[in-house]
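Here are my notes on the model, point by point. Have the structure open while you read.

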Amino acid sequence: MNTTDTLGTPTAQTRSAVLEREIRRDPGRFRILTGDRPTGRLHLGHYFGTLHNRVRLQDLGVETFVVIADYQVLTDRDVADNLTEVVEDLVLDYLAIGVDPQRSTIFTHSAIPALNQLLLPFLSLVSVAELNRNPTVKDEIAHSRQSSVSGLMFTYPAHQAADILFCKSHLVPVGQDQLPHLELTRTIARRFNDRYGNGTPLFPEPDALLSAAPLLLGTDGGKMSKSRGNAIALAADADETARLLRGAKTDSERHVTYDPEARPEVSSLLLLAALCQARDPREIAEEIGAAGSAALKKHVTEAVNEHLAPIRARRTAYAGDRGYLRQVLREGNARANAVAEATLAQVRTAMNSHY
C-alpha cells in the first residue's frame with residue numbers, strides 16, 4: 001500500500017481507479033477514515049458528495065471509521081454553538097442514510113484522548129514552513145470567521161493526520177482540495193516510520209480515494225454551504241424543500257438545456273434531479289424542453305422529495321429516541337478509544353517512552 005510519490009491529482013485519480021478494483025476484490029483488507037465537522041446541518045451536497053459513498057464502501061465490506069470532529073469546530077470560530085445538538089443531528093443523519101453503527105465506528109474527537117495525544121509527536125515531524133504553505137489551510141484561513149488565526153487552525157493538518165493514523169487507515173475518501181492535507185499525513189507516517197520504525201513501519205501511508213461526485217450548486221448559484229443558507233438540508237421536510245427549490249436561481253432562457261459551462265444554475269438543478277432518479281441530466285432536459293424553469297423546479301422538487309422520503313422516514317423514527325443516538329456514540333467512542341490506546345502504546349514503545 002505504501003507509495004512515496006507526491007500525491008498530486010493525476011496520481012491520485014489513477015491510484016483511486018486501481019483501489020476501487022482492489023476494494024471490490026477484497027474489501028476486508030481495507031480500513032477507511034472519514035468524517036465531518038459538526039458546524040451545521042448536512043445537506044444534499046454532502047449526501048451526493050461523500051455520505052452516499054460512505055454507505056457504499058461500508059456495504060461492500062470496508063471497515064469504516066467516521067469521526068465527528070468536534071474539536072476542529074474551533075479552528076475557525078471562538079466557540080462551538082449548540083454542539084451537543086449538532087453532534088446528535090449528525091448521528092441522526094448518518095443513521096438515516098444507512099450508516100450502520102454495527103459495521104461503522106462513529107466517534108467524536110473529544111472522547112478519544114489517545115488520538116489527540118498523537119498530535120504532539122506528529123508535530124515534531126513537520127516544520128512550521130510545511131504547515132504554513134498548506135494551500136487548504138490558507139484557503140480556510142481566508143474564509144475564517146476569526147480576526148486572527150489560532151494555533152488550532154495552524155496545526156489542523158497534523159491533527160487530521162492523527163485522525164487518519166490512529167486507526168491505521170489505508171484509505172481516505174477526499175475531494176481534490178483535501179489532497180494537500182493527506183499528503184502531509186503521508187509525510188508524517190513516512191517520517192515516523194523512518195525515525196522510529198527500526199525497519200518495521202508502524203503506520204501505513206494512506207491513499208486518497210478520490211470521489212467522482214459532481215459539484216452541486218446552492219440555490220443562489222454559489223457553492224452549496226452550511227453557512228451560506230443556500231443548501232437543502234437532509235433534515236428539511238418536503239414543504240421546506242419545495243420552498244427552497246422554488247427560489248433557486250436559474251437564468252432568463254426559457255428552453256431548458258444541460259450545459260454546465262454556459263448554464264451552471266440550470267444544469268445543477270438538472271444534475272440534482274438526475275442523481276435522485278439515476279438518470280442522465282440531458283435526458284431530463286430534453287423532456288422539460290420549452291416548459292421552462294418552473295417545470296424544471298417542479299420536476300426537481302418531486303425527484304428530491306421522492307428520493308429523500310425513505311431517508312426522512314428513518315430520520316423521524318430515530319429522532320424519537322435521542323437516547324439511542326447517545327448510545328451509538330458511547331459504543332463508537334469505546335471502540336475508537338480501544339484502537340487509539342493500542343496505537344498510542346505502540347508509538348510509546350517505538351519512541352522508547354513506554355514507562
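1. Start with Asp207 and Arg186, which form a salt bridge with their closest N and O atoms 3.7 Å apart. A salt bridge here is a side-chain nitrogen of Lys or Arg within 4 Å of a carboxyl oxygen of Asp or Glu. Asp207 lies in strand 5 (residues 207–210) and Arg186 in helix 10 (residues 179–196), so the pair ties together parts that are 21 residues apart in sequence. Helices (H or I, at least four residues) and strands (E, at least two) are DSSP runs, numbered from the N terminus. Both partners are buried: Asp207 has a relative accessible area of 1%, and Arg186 has 0%. For the record, buried means under 20% relative accessible area, exposed over 50%, and partly exposed in between (1.4 Å probe, protein chains only).

2. Before going on, the ground rules. This is a predicted model, where local features need pLDDT of at least 70, side-chain atom pairs count only at pLDDT 80 or more, and totals for chains, interfaces and linings use all residues. Residues are numbered from 1 along each chain as its sequence is written, and side-chain values use heavy atoms, with hydrogens and water left out.

3. Back to charges. Arg186 and Asp207 also belong to a network of salt bridges with Arg15 and Glu183. The structure holds 24 salt bridges. Another one joins the side chains of Arg54 and Asp36, at 2.9 Å from N to O. This pair links distant parts of the chain, with Arg54 in helix 2 and Asp36 in strand 1 (residues 31–36), 18 residues apart. Arg54 is buried at 4% relative accessible area, and Asp36 counts as buried at 10%.

4. Now look at Asp280 and Arg282, whose side chains meet in a salt bridge at 3.5 Å, N to O. Are these two buried or partly exposed? Asp280 counts as partly exposed at 34% relative accessibility, and Arg282 likewise at 47%.

5. Helix 9 (residues 156–166) is worth a look. Eleven of its eleven residues are buried, so this helix is largely enclosed by the rest of the structure. Among them are Tyr156, His159, Asp163 and Phe166. Just after helix 9, Lys168 takes a positive phi of about 55°.

6. On cysteines: a search of the whole structure finds zero disulfides, a disulfide being a pair of cysteine sulfur atoms within 2.5 Å. Cys167 is buried with a relative accessible area of 0%, and Cys276 is buried with 12%.

7. How many cavities of 30 Å³ or more does the structure hold? One. The largest cavity has a volume of about 130 Å³. On a 1 Å grid over the protein atoms alone, a cavity is a set of points where a 1.4 Å probe fits but cannot get out, and lining residues have an atom within 4 Å of a point. Grid points are joined across faces, edges and corners, and the volume is the space filled by probe spheres set on the points. Of its 14 lining residues, Leu217, Gly218, Thr219, Ser268 and Leu269 lie nearest the centre. Helix 12 (residues 264–277) gives the largest share of the lining, four residues.

8. Glu265 is also found in helix 12, and it is buried at 15% relative accessible area. Leaving aside neighbours within four places in sequence, Glu265 is in contact (heavy atoms within 4.5 Å) with Leu217, Gly221, Lys249 and Thr250.

Methods:
1 Å grid on protein atoms, 1.4 Å probe; cavity = no way out; pocket = protein on both sides within 12 Å on 5 of 7 lines; lining within 4 Å.
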